[in-house]
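Please look first at the sequence and then at the model, keeping both in view while reading. The paragraphs after them move from one chain to its partner.

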Amino acid sequence: MWRRCLCLRDRWRRLLNQPSGGPTAIVRTGANIPSLSRAYAPPAERKRFYQNVSITQGEGGFEINLDHRKLKTPQAKLFTVPSEALAIAVATEWDCQQDTIKFYTMHLTTLCNTSLDNPTQRNKDQLIRAAVKFLDTDTIWYGVEIGSSTSIMGPNIPDRTREVLVSHLASYSMWALQGIEFVVSQLKSMVLTLGLIDLRLTVEQAVLLSRLEEEYQIQKWGNVEWAHDYELQELRARTAAGALFVHLCSESTTIRHKLLQD
Amino acid sequence: MAALGSPARTLRGLLRELRYMNAATGRSYRDTAAYRYLVKAFRAHRVTSEKLCRAQHELHFQAATYLCLLRSVRKHVALHQEFHGKGERSVEESAGLVGLKLPQQPGGKGWEP
């Protein structure tokens with residue numbers, strides 16, 4: 001019987017992927033030994049562990065250094081961004097954390113991490129399709145063949161409009177599309193997002209139009225600071241981060257110096 | 001339709017946000033990379049010979065967007081601290097709400113190690 005116990009113990013060890021051997025087993029360096037924390041516990045608060053944040057230029061783009069360590073994405077890839085302004089903005093986000101690091105305020109960092117890691121493994125078409133889905137439920141009418149409807153089902157978007165939109169979105173890079181999809185899911189409106197990208201609306205205006213119903217109710221019934229203002233500021237922050245991300249990822253700067261000619 | 005205002009106003013707002021951000025840390029806000037970049041960019045793109053320069057408007061728009069981002073993050077954190085940051089009340093406080101007081105047990109509860 002004790003032989004069967006040994007056999008079971010070895011099989012159990014193999015299941016747990018542990019080396020068989022006694023307490024003198026080799027310590028695996030760098031292995032992910034699953035900790036016994038609760039599955040739904042929020043991640044422990046990280047204190048600010050760095051003094052200085054700086055930017056360096058590598059081969060792939062710009063990198064962020066926290067003291068002497070390079071910043072990495074959650075999937076341990078090196079954090080590189082193509083644009084210097086974006087790198088400076090991300091560095092400023094890390095720099096303004098005090099005591100504890102509040103990840104929920106670092107929207108640009110989150111967007112960059114999503115673009116670098118692509119954890120849901122979506123390709124361009126899936127992103128475009130996800131964004132265009134919001135067109136069906138858009139409550140702002142822009143007058144470009146979207147049509148209006150008074151029923152609850154929403155207007156029928158003609159296929160031509162959809163094609164035009166899809167081909168327009170396909171002209172953006174993968175990074176810019178992540179940003180666009182993020183803004184669309186925040187504002188719940190494709191039309192507003194396009195207006196924002198096209199520089200026709202400022203962030204405040206776009207957020208106001210997105211929350212039109214709520215603003216009307218607030219004017220009628222009063223403002224609740226800890227709910228309305230809180231959501232307003234959060235929506236503004238996310239939308240601004242998304243819009244800035246899209247602009248910085250799809251631009252190129254050239255400066256041509258012209259001489260004054262008399 | 002974009003009511004952006006003047007670039008000087010946006011720059012002033014951005015510098016103010018940077019000042020607030022760096023007020024808690026010891027360093028002056030002029031040492032930050034963001035300050036240097038912003039001042040350089042605003043100076044470099046101030047003058048252009050074209051009257052209706054879309055690129056200039058684009059840069060101003062990006063600056064205004066960044067200003068909105070900084071401002072709203074600061075206000076969001078402030079609101080969070082004020083209204084949602086307190087966490088749960090301790091057992092003593094909860095008992096005190098209804099006028100009860102926890103008993104003093106210098107020896108500890110019987111079942112605790």
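This is a predicted model: local features need pLDDT of at least 70, side-chain atom pairs count only at pLDDT 80 or more; totals for chains, interfaces and linings use all residues.

Residues are numbered from 1 along each chain as its sequence is written, chains are lettered from A and ligands numbered from 1 in the order in which they are written, and side-chain values use heavy atoms, with hydrogens and water left out.

Chain A is assigned a domain 1, covering 53–117, and a domain 2, made up of 124–146 + 154–250, these bounds coming from an automatic or database domain assignment. The centres of domain 1 of chain A and domain 2 of chain A, taken over C-alpha atoms, are 25 Å apart. In the contact between them, domain 1 of chain A takes part with 13 residues and domain 2 of chain A with eleven residues, where contact means heavy atoms within 4.5 Å.

The size of an interface is often given as the accessible area lost when the parts come together. Between domain 1 of chain A and domain 2 of chain A, about 1,100 Å² is buried, and carbon and sulfur atoms give 82% of that area; buried area here is the accessible area (1.4 Å probe) that two parts lose on being put together, summed over both. Of the area that domain 1 of chain A buries against domain 2 of chain A, 51% is supplied by H107(A), L111(A) and S115(A), more than by any other three residues.

On the side of domain 1 of chain A that touches domain 2 of chain A, β4 (80–81), α2 (84–95) and α3 (107–117) of chain A each supply at least two residues, and α3(A) gives the most, with seven residues; helices (H or I, at least four residues) and strands (E, at least two) are DSSP runs, numbered from the N terminus.

Turning to the partner chain, the contact takes 40 residues from chain A and 33 residues from chain B, and the area buried between chain A and chain B is about 3,400 Å², with 68% given by carbon and sulfur atoms. Within chain A, the residues that lose the most area to chain B are L199(A), Y230(A) and Q233(A), which together make up 19% of what that side buries. One salt bridge is counted between chain A and chain B: R27(B) pairs with D95(A), the closest N and O atoms being 2.8 Å apart. On the side of chain A that touches chain B, α2, α3, α8 (203–210) and α10 (225–249) of chain A each supply at least two residues, and the largest share, 14 residues, comes from α10(A).

Two loop residues of chain A remain. A76(A), in the loop between β3 (69–70) and β4 of chain A, has a positive phi of about 65° although it is not a glycine, and A76(A) counts as exposed at 56% relative accessibility, exposed meaning over 50% relative accessible area, buried under 20% and partly exposed in between (1.4 Å probe, protein chains only). D99(A), found in the loop between α2 and α3 of chain A, likewise has a positive phi, of about 55°, although it is not a glycine, and D99(A) is exposed, with a relative accessible area of 64%.

Conventions
A salt bridge is a side-chain nitrogen of Lys or Arg within 4 Å of a carboxyl oxygen of Asp or Glu.
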